[in-house]
Amino acid sequence: MNKTSVLQAIRLVMMVLAVAGIIYALEFMNGGIAVWFWVTLLGVGFVGLLYTFRLTRRRVMRERKNIEQHDKRVRRRNGRK
């Protein structure tokens, strides 16, 4: 398991806890600050997941491009186009 997967799992757990916190705060607390705390936590987790998704997608695209370029160089060396 790599670092990105661990961070995504942590963010996902944090988001589930944030949803539970929002439900709890709406149901049992009169203060609005508790609700905003959990909403903020959920937002941070969501933005983090989107950010790591973009990073992972860029890395995969870069690796795919490098493989294609390597294959192209090997074909040129072997005399094929």
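Colleague: Which residues form the nonpolar patch on the surface?

Modeller: Keep in mind that this is a predicted model. For a patch, look for nonpolar side chains that sit together and still have over 30% relative accessible area. Here the nonpolar patch is made by Val6, Leu7 and Ile10, and together they have about 230 Å² of accessible area.

Colleague: Where is Leu7, and how accessible is it?

Modeller: Leu7 belongs to helix α1. Its relative accessibility is 33%, so Leu7 counts as partly exposed. Ile10 is in helix α1 too, which covers residues 3–28.

Colleague: What about Ala9, and how far is it from Leu49 in space?

Modeller: Ala9 lies in helix α1. With a relative accessible area of 34%, Ala9 is partly exposed. Now compare sequence and space: Ala9 and Leu49 are 40 residues apart in sequence, and their C-alpha atoms are 9.2 Å apart.

Colleague: How many helices and strands are there in the protein?

Modeller: Count two helices and zero strands. As for the overall spread, the radius of gyration is 22 Å, well over the 12 Å that the globule rule gives for 81 residues, so the protein is more spread out than a compact globule.

Colleague: What share of the residues count as buried?

Modeller: Buried is the label for a residue under 20% relative accessible area. Out of 81 residues in this protein, 12% count as buried.

Colleague: How many salt bridges does the structure hold?

Modeller: Look for a side-chain nitrogen of Lys or Arg within 4 Å of a carboxyl oxygen of Asp or Glu. The structure holds one such salt bridge. Its partners are the side chains of Arg59 and Glu63, at 3.5 Å from N to O.

Colleague: Where do Arg59 and Glu63 lie?

Modeller: Both are in helix α2, four residues apart, and that is about one turn of the helix. For accessibility, Arg59 is at 33% and counts as partly exposed. Glu63 has a relative accessible area of 40%, so it is partly exposed as well.

Colleague: Which residues form the positive surface patch?

Modeller: The idea is like the nonpolar patch, but now like charges are joined, within 9 Å. Lys72, Arg73, Arg75, Arg76 and Arg77 form this positive patch.

Colleague: Is Arg77 buried or exposed?

Modeller: Arg77 is exposed, because its relative accessible area is 64% and the label applies over 50%. You'll find Arg77 in helix α2, which spans residues 32–77.

Notes:
Residues numbered from 1 in each chain as written. Predicted model: local features only at pLDDT ≥ 70, side-chain atom pairs only at ≥ 80, totals over all residues. Heavy atoms only, no water. Patch = residues over 30% accessible without salt bridge, like charges linked within 9 Å, V, L, I, M, F, W, Y side chains within 5 Å. Areas by Shrake-Rupley, 256 points an atom, 1.4 Å probe, with all protein chains shown as cover. Lys, Arg positive; Asp, Glu negative; His and termini not counted. Charge placed at Lys NZ, Arg CZ, Asp CG, Glu CD. Buried < 20%, exposed > 50% of the residue type's maximum accessible area, 1.4 Å probe, protein only. Rg over C-alpha atoms; globule rule 2.2 N^0.38 Å.
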